[in-house]
Amino acid sequence: MRLYSLLASAKINLYLEIIGDRPDGYHELVMVMQSVDLSDRVTVRSLGVKEIRVCCDHPQVPADETNLAYRAAALMSAQFPKVFAKQGGVEITIEKQIPVGAGLAGGSTNAAAVLVGLDMLWNLGLTQLELQELGAKLGSDVPFCVVGGTAIATGRGEELDFLYGLDNLYVLLAKYRSLSVSTPWAYQTYRQQFGESYISDSAGLDERRRRVHSGSMVAAIAHQVGVEIGQGLHNDLEKVVLSEYPKVAQLKETMKALGGLGSMMSGSGPTVFSLASSRLQAEQMKTQIRQQLSDPDLELWVAQFIPTGIRLDS
Ligand code: C5P
């Protein structure tokens, strides 16, 4: 086949703790990541010419090498130059549903889809681990996006320990269309404000990772108890983003007051989510929030937890 269409899921962070600095300038993290079925459709198609082309229906998504999906194709062509020469170039079409600059890994999941799509298009037969390793060269969230589901992510976010996948929970996602947060800014500001509390010895870092592995969030996921998952939500980046963006802080408070299982900002924001035990509950919260905050700039989505990352669009 000369064309593959893939669905690429967004992720939310159920837990995000910043525990230290890294020599490569990144942060040591302990996160719990979860795929949700708000997805982009990414189609990869062989071109007759030796070129990488990106087409996207979203005005904020660039079509050049600043797009992570483009960089994923460039990485694959550099890793497999003979196949690239033989097969010709590739056209990547991205149909966007996931909001841009939202803390939902939209760019990372598009890149993950290109890796998986080119593996199929070029008959490379790469293992999931090889795809994750290639993904880590592109961004910290890309390896998770390849596989998806529910996972503990440590290191930069690329070291994954997959948990029993959750699919019995729903989420209401809310984002102001005109607002986006720079991820490097969020991490740098966190370092400036809280860097003194970072752990620097490897035994201490190990101890913190183990604390999450054996902690209440992972136990709640293992037992599939939505209420406890809601109670265990945590995101260190809220400390810097909510004070800088009062609209996001207010959105979180409004969402929290609606009930649900718990509310939190995802990643570096500005998307805020509320967990729900049923689609009906999530839809009811969506209606309520529309009534309470009638701002046309506010976008809302209901999504379900899913146990997969990149999948073929049947
Ligand atoms: O890996 P990715 O390109 O998605 O990261 C975006 C930015 O987020 C990095 O440039 C860095 O500033 C910050 N970051 C970090 N530590 C991590 C992951 C991301 O400081 N573990």
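**Reading salt bridges in a predicted model**

User: Which residue forms a salt bridge with Glu 299?

Analyst: Arg 177 does, with the closest N and O atoms 3.4 Å apart. A salt bridge is a side-chain nitrogen of Lys or Arg within 4 Å of a carboxyl oxygen of Asp or Glu. This is a predicted model, where local features need pLDDT of at least 70, side-chain atom pairs count only at pLDDT 80 or more, and totals for chains, interfaces and linings use all residues. Residues are numbered from 1 along each chain as its sequence is written, and side-chain values use heavy atoms, leaving out hydrogens and water.

User: Where do Glu 299 and Arg 177 lie?

Analyst: Helices (H or I, at least four residues) and strands (E, at least two) are DSSP runs, numbered from the N terminus. Glu 299 lies in strand S11 (residues 298-304) and Arg 177 in the loop between strand S7 (170-176) and helix H6 (183-194), so the pair ties together parts 122 residues apart in sequence.

User: Is Glu 17 buried or exposed?

Analyst: Buried means under 20% relative accessible area, exposed over 50%, partly exposed in between (1.4 Å probe, protein chains only). Glu 17 is buried, at 9%. Its side chain meets that of Arg 208 in a salt bridge (2.7 Å, N to O). Glu 17 sits in strand S1 and Arg 208 in helix H7, 191 residues apart.

User: What does Glu 28 pair with?

Analyst: Glu 28 forms a salt bridge with Arg 209, at 3.2 Å between the closest N and O atoms. Glu 28 is buried, at 11%. Arg 209 is buried too, at 19%.

User: Which residues do shared partners join into one network?

Analyst: Arg 22, Asp 24, Glu 28, Asp 206 and Arg 209.
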